[in-house]
Amino acid sequence: MMQTEIASQTILAHLKSVSGDRNINRSTVSMGQIKLWLVPQKAEHDSDYDINQKYFEMLLRQSLSDLLEKGYIASSVHDSVEDGDARAFSLTQKGEKYIEELAMGYEEQ
C-alpha cells in the first residue's frame with residue numbers, strides 16, 4: 001500500500017518552507033526538487049542498497065495528482081504529471097490553510 005498521505009504532507013510542508021523564503025519567487029519548485037524530497041538517495045559508496053525507483057515514482061505521481069485535484073498545489077503546466085522536470089509546482093492559499101489546520105491539530109494532541 002502506498003503512503004500517499006505521508007508523501008503529500010511532506011510535499012506540502014516543503015512547499016510551505018520554500019514559500020516562507022522571501023528570496024524565492026512565489027515558491028515554485030521543479031519536479032526534480034520534489035523527487036529529492038521524497039526519493040531516498042543511495043550513498044555513493046553503497047552498491048548493496050537497492051531503492052525501488054518505480055515505487056517512489058508512482059508514489060510521487062499519485063501524491064501530486066491528489067494535491068492538484070484537491071487544489072492544494074498549482075502547476076505551471078496543466079497536463080499530466082508525466083511532463084517531467086520542466087513542470088513547476090507551487091503552494092496555493094488553500095494548501096497553506098490546510099497545512100495550518102494540520103499544524104493546529106498536531107499542537108492540540
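Helices (H or I, at least four residues) and strands (E, at least two) are DSSP runs, numbered from the N terminus. With that in hand, welcome to a predicted model, in which local features need pLDDT of at least 70 and side-chain atom pairs count only at pLDDT 80 or more, while totals for chains, interfaces and linings use all residues. Residues are numbered from 1 along each chain as its sequence is written, and side-chain values use heavy atoms, with hydrogens and water left out. Here is a tour of the sheet, the helices and a cavity.

**The sheet**

- Three strands form an open sheet in the order β1-β3-β2, with antiparallel pairing (two strands pair if DSSP finds at least two bridges between them).
- Its edge strands, β1 (29-30) and β2 (73-75), each pair on one side only.
- Two bridges join β1 to β3 (residues 88-91) in the antiparallel sense, and Ser-30 has Ala-88 in β3 as its bridge partner.

- Helix α1 (residues 4-19) lies across β1, β2 and β3 and runs at about 80° to β3 (axes are lines fitted to C-alpha atoms, for helices over the stretch in contact, and angles run from 0 to 180 degrees between N-to-C directions).
- Helix α3 (residues 53-70) also packs on the sheet, where it touches β2 and β3, and its direction makes about 105° with that of β2 (contact means heavy atoms within 4.5 Å).

**Helix against helix**

- Helix α2 (residues 31-38) packs with α3 at an angle of about 115°, the axes being 11 Å apart.
- From α2, Met-31, Ile-34, Lys-35 and Leu-38 meet Phe-56, Leu-60 and Leu-64 of α3.
- By class, this contact of α2 with α3 has six nonpolar, no polar and one charged residues (Ala, Val, Leu, Ile, Met, Phe, Trp, Tyr, Cys and Pro count as nonpolar, Asp, Glu, Lys and Arg as charged, and the others, Gly among them, as polar).

**The cavity**

- The structure holds one cavity of 30 Å³ or more (on a 1 Å grid over the protein atoms alone, a cavity is a set of points where a 1.4 Å probe fits but cannot get out, and lining residues have an atom within 4 Å of a point).
- About 50 Å³ of space lies in the largest cavity (a volume is the space filled by probe spheres set on the points, which are joined across faces, edges and corners).
- Residues lining the largest cavity include Glu-5, Gln-9, Leu-67 and Tyr-98.
- Helix α1 gives the largest share of this lining, four residues.

Conventions
On a 1 Å grid over the protein atoms alone, a cavity is a set of points where a 1.4 Å probe fits but cannot get out, and a pocket is an open set with protein on both sides within 12 Å along at least five of seven lines; lining residues have an atom within 4 Å of a point.
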